[in-house]
Each structure stands twice: as structure tokens, then as C-alpha cells.
There are 2 protein chains.
Amino acid sequence: MKVNVLFSPIVADELYFTGKTTVVIDVLRASSTIITALNNGAKEIVPVGTIEFAVKVSGGMFGGQTLLGGERNTKKIEGFALGNSPLEYEEKVVNGKSIVFYTTNGTKALTKAKFSENLFVCAFLNLSAVAQHLVSLNKNVEIICAGRNNFFSLEDTVCAGKLVSEIISLKPEVEINDSVAAALALNHKYGSDLPKMLRESDHGKLLIENGFEEDINYCSQLNIYNTIPYYVNGVLKLMKEVD
Amino acid sequence: MKVNVLFSPIVADELYFTGKTTVVIDVLRASSTIITALNNGAKEIVPVGTIEFAVKVSGGMFGGQTLLGGERNTKKIEGFALGNSPLEYEEKVVNGKSIVFYTTNGTKALTKAKFSENLFVCAFLNLSAVAQHLVSLNKNVEIICAGRNNFFSLEDTVCAGKLVSEIISLKPEVEINDSVAAALALNHKYGSDLPKMLRESDHGKLLIENGFEEDINYCSQLNIYNTIPYYVNGVLKLMKEVD
């Protein structure tokens, strides 16, 4: 079992992921929001790569059963019902709904990896469940850090490092490379105080400036869910039980 | 003074670098080879982004005064006089010569950053000289890690971290971001034993397999040159004295 970490979705093209087992991490906030929404009863999430496509897809769905959600530059998009704060995706809002979801980085990473054989969503919120499932699959894994506008983000890399660390604790013979060594080192340095790391990260600072400090506290929680969003036929659903 | 580190040249486009001060790092081996060749008397190095362009450019130059150098997948290119081992670029070979130079990662990074106002080449070999010069310029700095086929490489990142660490030791008020924090942490973890780090890196292992272990020992030397290659009018020359 080999693991590789991509520090930006742009370093590989769509076909790179064909037939692979891929994990997308966008801690602040798309991954955390997807995990939360599905755990709060959303029927499915339709990740889209452009705002135009979000509007088009939602137009073909039944009124009342579909919500548009997401953000551009941390802000809710005009005409969308929901932004990208996981705290908005409460049970009373999302239960039973299909959510068409666009974000600057996370959903772009998901749509880029759409040809993967297995495609999962990970954040700190569900990290152990993802690690256990990957070990049970026993396939080579590509971990995509969604990053910010193609650039590196610390929080996604620390999450990737923590995920690999947990995989290795379950399966010590995992083969690692430069990218994994770096992610592990960054988790070792920054992963013991997640709220502090998130607050001091570039993206965390920006969210605090924009009034989203509560999101940071929420997203720093480790393993509050034991479920994994997985991508199949263009939508994300919850894999209720880890095999 | 702000510093930013790009872990792959692909995360930004050519226009991103317009008017900026940029440093390209490709420890194994393009940066180390460029520094060595110019210090051994090469008149200039013409970095090119494609092999076809290398052949075309060299065809228009005076015979005997021009050498084709570089590699594809660590091997010398057919018809080229020189590969990408710094040890080939001895004084008796390169003195007075123009070298048209193509490599898989390093020269692509250089040509991508060609619109920079200032464009320098750094490796462990000349790291302190580059740090001192950047501090004297006192401009925001973009550091490009050439990486490998758009992917992350540990040795370039450790070199970037060591460069920023030295800049900060000279100018503590430098503003850092996620990418710099990561590079600093990786230098802290891996930067104290450079031969070991290079041997254990993905690229180092590949070079050893291909018989280039001596290159690794050579490239791990810190500050054996006090000179900086800089890019102007399409060629790299030596900035003989650090201001």
C-alpha cells in the first residue's frame, strides 16, 4: 500500500485519477461542510466545478427538494440558499434535501478527481473513519489537499499528515514518499493543537476577519463523526458503516 | 518584506511573476549545475523549456562556442554534449562557452518565471549569498521549488526553508505564510544532515539507482560558492559580487 499527497489539485490532470482511490481534504471548509450536511440528513451533495453549472443543475431538480450552497472568496454566492459554513447545514435545513454545492477549492478538487474508482471526503471531523476504511481497502491512495487558489494550505496538509499517521498506526508497512514525509512532519509540528493551527493558518485568519471564527472551532474537532462521504454517479452520499 | 514558497512551478502562470523578485530552486540538479558551470567560467547559460527549442537555439549559435546540456528523466539527451551532472561542467569543458540547457523541471521553472523583475538561481551551494542579496534588495520574494514533474520534492523545499531561515536571521520582521511555515518546519526537521536527506529523497534514490551518487554528495555542500546566477535577456549570468 502506497500513499501520495498532492498539495494542490492543479498538479495532476483529471485522467491521473482514473481507477485510483482518492481522498479530498478541504478542512476550511468544504470537506467539513459536506461531512456535516450529510450527517444532518442531506440526501446527497452534488459537487460542481463552476457556479454556472451549479445554477444549471439546480434548475433541473425539483423545487423545494434542492438547495444551492457554497461560496466564492469565503462569501455566500448571490441567489444561493446557503454559504459554506458547516454551521448553516443544520438538520432542520438540510434533512432530505439534495444540495448543489460549489466552493472555490474543495468542489473543484472533487470534480477533478471524478474518474477515481473510490473517492472519499475527509476532514478532521471524520479522520479516523477514513483511515480505517482506507486500510480495509488496502489500495494505493492519493490524498488531494484542496489548498487555496492552487496554492498550498497548511491545514489541509496537517490533516493529510494526520490521516497518513493514523493509516501507518494501523498498517506500519505503508510505503511513503517525499510528499508523505512532509505531511507527516507538518502534522507532528502543528497537529497537536488544531484550533491554534487553524486560527494561525492563512485561511483561518481570513475566515476570522470575515466573522467565521465559530467555523474554525467547529472544524478543529477530531473524529466527531464516524461516517465517510463517497462520490458515485456524480453525487456524494454517506457510507453509513465503515467496512 | 514578504516571502512566499511555491511547491511546484505549475501552481502559477507566467504572468504571475511579472515584476516580481523570484528565486528558482532545483537542488537535484539543475540549480546546482547552473551555479557550478558559471563558477567554472561558462559565459552564459540559456535555459530553455523544450528540447526542440534547445536544438533550435543552439543551431543559431557559433559552433564550438556553444554546448547543449541537460537531461530528460535523469539521462543525458541524445545529441547533447553534456548531461545534468554538475561534475561534468568542469572548467576545461565549459570555460568561455554558452550552454543551452534543458532539464525536466529546473529550466521549465526558470522559463515560467521569465517575466520576473529579478530572477535568481539558488541551491545549497550558494544559499547564503542568495539570502544576503535578497535582504539587501528588500523586496517581496517568490521562491519556486522546481519539484518533479509538477509534484512536490523534499530537497527543494528544505532548501527553500533554509533560505528563508537565513533571510529571517538577517531580517527578523519578514512576513511569513502557510507555505513558508511549512518550508521552515521541513528545514528544521530535515536540514541538519543534507547528504542523508538528499539520499533518502525520492529524487535522490532515483539518482543513486542511475549511478549519480557523487552528484548527491556534491549538491549537499552548503555555501561553497558566494555567487548568484541571475536571469537577464534570456540568459543566466553570474552576479559576481553580492551588493
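In the predicted model, a salt bridge joins the side chains of K114(A) and E14(A), with an N to O distance of 3.8 Å. K114(A) belongs to the loop between α4 (106-112) and β7 (118-122) of chain A and E14(A) to the loop between β1 and β2 (21-25) of that chain, so the pair ties together parts that lie 100 residues apart in sequence. K114(A) is partly exposed, at a relative accessible area of 34%, and E14(A) is likewise partly exposed, at 32%.

Over all chains, the structure contains twelve salt bridges. One of chain B is formed by K20(B) and E142(B), whose closest N and O atoms are 3.8 Å apart. This pair also links distant parts of the chain, 122 residues apart: K20(B) is in the loop between β1 (3-6) and β2 (21-25) of chain B, and E142(B) is in strand β8 (residues 141-145). K20(B) counts as partly exposed at 26% relative accessibility, whereas E142(B) is buried, with a relative accessible area of 10%. Relative accessibility is 46% for E200(B), which counts as partly exposed, and K196(B) is partly exposed at 39%.

T36(B) is located in helix α1 (residues 30-39) of chain B. Its relative accessibility of 2% is under the 20% cut-off, so T36(B) counts as buried. The side chain of T36(B) is in polar contact with that of Y218(B), at 2.7 Å. Beyond neighbours within four places in sequence, the contacts of T36(B) are P86(B), Y89(B), L125(B), Y218(B) and Y225(B).

Chain A is superposed on chain B by a rotation of 180° with 0.0 Å of shift along the axis, at an RMSD of 0.0 Å. This is the relation of a two-fold axis. The same surface serves both copies, as 100% of the contact residues of chain A recur in chain B. Each side of the contact is made up of 25 residues.

Between them, chain A and chain B bury about 1,900 Å², with 67% of this area on carbon and sulfur atoms. Zero salt bridges are counted between the two chains, while four residue pairs are in polar contact across the interface (both at pLDDT 80 or more). On the side of chain A that touches chain B, β1 (3-6), α6 (154-170) and α7 (178-190) each supply at least two residues. The most come from α7(A), with eight residues. By type, the residues of this side comprise 14 nonpolar, seven polar and four charged.

Notes
Residues numbered from 1 in each chain as written. Chains lettered and ligands numbered in written order. Predicted model: local features only at pLDDT ≥ 70, side-chain atom pairs only at ≥ 80, totals over all residues. Heavy atoms only, no water. Least-squares fit on C-alpha atoms with pLDDT ≥ 70 in both. Contact = heavy atoms within 4.5 Å. Buried area = accessible area lost by both parts, 1.4 Å probe. Salt bridge = Lys/Arg side-chain N within 4 Å of Asp/Glu carboxyl O. Polar contact = N/O pair within 3.5 Å; in protein donor to acceptor, adjacent residues only side chain to side chain. Helix = DSSP H or I, 4+ residues; strand = E, 2+ residues; numbered from the N terminus. Nonpolar A, V, L, I, M, F, W, Y, C, P; charged D, E, K, R; others polar. Buried < 20%, exposed > 50% of the residue type's maximum accessible area, 1.4 Å probe, protein only.
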